[in-house]
Amino acid sequence: LGANRLGEHFITIADPDSPMVEIARRRHFRETFLDQPRLRGAYAVFSFWGLVPAALFGVNPITLLDRAQTMVINAASCNQADNLAARLGATLATMAQTGRDRLTLFTSPAVASFNGWLRQLVVEEAKLPLSLSAGEAPAAPDRYGLDRLFVYLRLRGDDQYDVTVRVLQDAGRPVVTLHLEDLYDLAGQFFLWKMALTVAAAQA
């Protein structure tokens, strides 16, 4: 390609004060995305660090952010009955206070990668006496201890864990079911869980 055209094949995501910004300018990178340093941790999924790779994989970043904004608006409600984050956070706190401090997450296979993100988020929320089990093979109710709170992240049209969850509910085990219309609804889950764990930590 030659040194003069090499930069055309690179992009960079960097903080405004990063040395990469100057390198990208000198090498004539195809694009430079200046990130916002305040978007770190769990919210990095809504920064260029999350959105640019998603766009390269064919995800529409506008739709992704719209779904997150829908959950933000929902969380602004003062009515706890309508505020999903407040309800989930209160449930997590109440269950933890009664000894059910181990979350067991069942997710539809298409969104199973969400497990890793949520596990890291739970670890970061050090104020909460919560642990997360995700990716376990479903078992009969009597195989689980009484420290469990089950969460079912169900993608519309996927019933893989419906029977498992119904058996747990019939056995009197606490189950929270969260419904996703499609894959873009994961953006709402990113915000929902961050806000819910903040609510739970405030009640811990």
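Predicted model: local features only at pLDDT ≥ 70, side-chain atom pairs only at ≥ 80, totals over all residues.
## Overall architecture

The secondary structure of the chain comes to seven helices and six strands, and, read from the N terminus, these elements follow the order β-α-β-α-α-α-β-α-β-β-α-β-α. Along its principal axes, the C-alpha trace spans about 70 × 35 × 25 Å.

Of the 204 residues in the chain, 42% are buried. Among contacts with a separation of 6 or more, 63% are accounted for by residues 24 or more positions apart.

## The N-terminal segment and a nonpolar patch

Leucine 1 is placed in the segment before β1 (11-14), and with a relative accessible area of 71% this residue is exposed. Together with Leu6 and Phe10, Leu1 makes a nonpolar surface patch of about 330 Å².

## Salt bridges

The count of salt bridges comes to eight, and three of the pairs are described here. In the pair formed by arginine 26 and glutamate 22, the side chains meet with an N to O distance of 3.6 Å. Both residues belong to helix α1 (residues 19-26), where they are four residues apart, about one turn of the helix. Arginine 26 is partly exposed because its relative accessible area is 47%, and glutamate 22 is likewise partly exposed, with a value of 35%.

Another salt bridge pairs aspartate 182 with arginine 67, whose closest N and O atoms are 2.7 Å apart. This pair links distant parts of the chain, since aspartate 182 lies in the loop between β6 (175-180) and α7 (186-203) while arginine 67 lies in helix α3 (residues 61-75), 115 residues apart. Aspartate 182 counts as partly exposed because its relative accessibility is 28%, and arginine 67, at 24%, also counts as partly exposed.

Arginine 148 and aspartate 147 form a further salt bridge, with the closest N and O atoms 4.0 Å apart. Elsewhere, salt bridges that share partners join Glu22, Arg25 and Arg26 into one network.

## Arginine 100, a buried charge

Arginine 100 lies in the loop between α4 (84-97) and β3 (102-107). Although this residue is buried, it has no salt bridge, and the nearest side chain of opposite charge, that of aspartate 147, is 6.9 Å away. Aspartate 147 is instead the salt-bridge partner of arginine 148.

What does the side chain of arginine 100 reach at 3.2 Å? One such atom is the backbone oxygen of leucine 146, which the side chain of arginine 100 reaches at that distance. The backbone oxygen of arginine 148 also lies 3.2 Å from a polar atom of the arginine 100 side chain. Once neighbours within four places in sequence are left aside, the residues in contact with arginine 100 are Met95, Leu146, Asp147, Arg148, Leu149 and Pro174.

Methods:
Residues numbered from 1 in each chain as written. Heavy atoms only, no water. Helix = DSSP H or I, 4+ residues; strand = E, 2+ residues; numbered from the N terminus. Buried < 20%, exposed > 50% of the residue type's maximum accessible area, 1.4 Å probe, protein only. Lys, Arg positive; Asp, Glu negative; His and termini not counted. Polar contact = N/O pair within 3.5 Å; in protein donor to acceptor, adjacent residues only side chain to side chain. Contact = heavy atoms within 4.5 Å. Patch = residues over 30% accessible without salt bridge, like charges linked within 9 Å, V, L, I, M, F, W, Y side chains within 5 Å. Areas by Shrake-Rupley, 256 points an atom, 1.4 Å probe, with all protein chains shown as cover.
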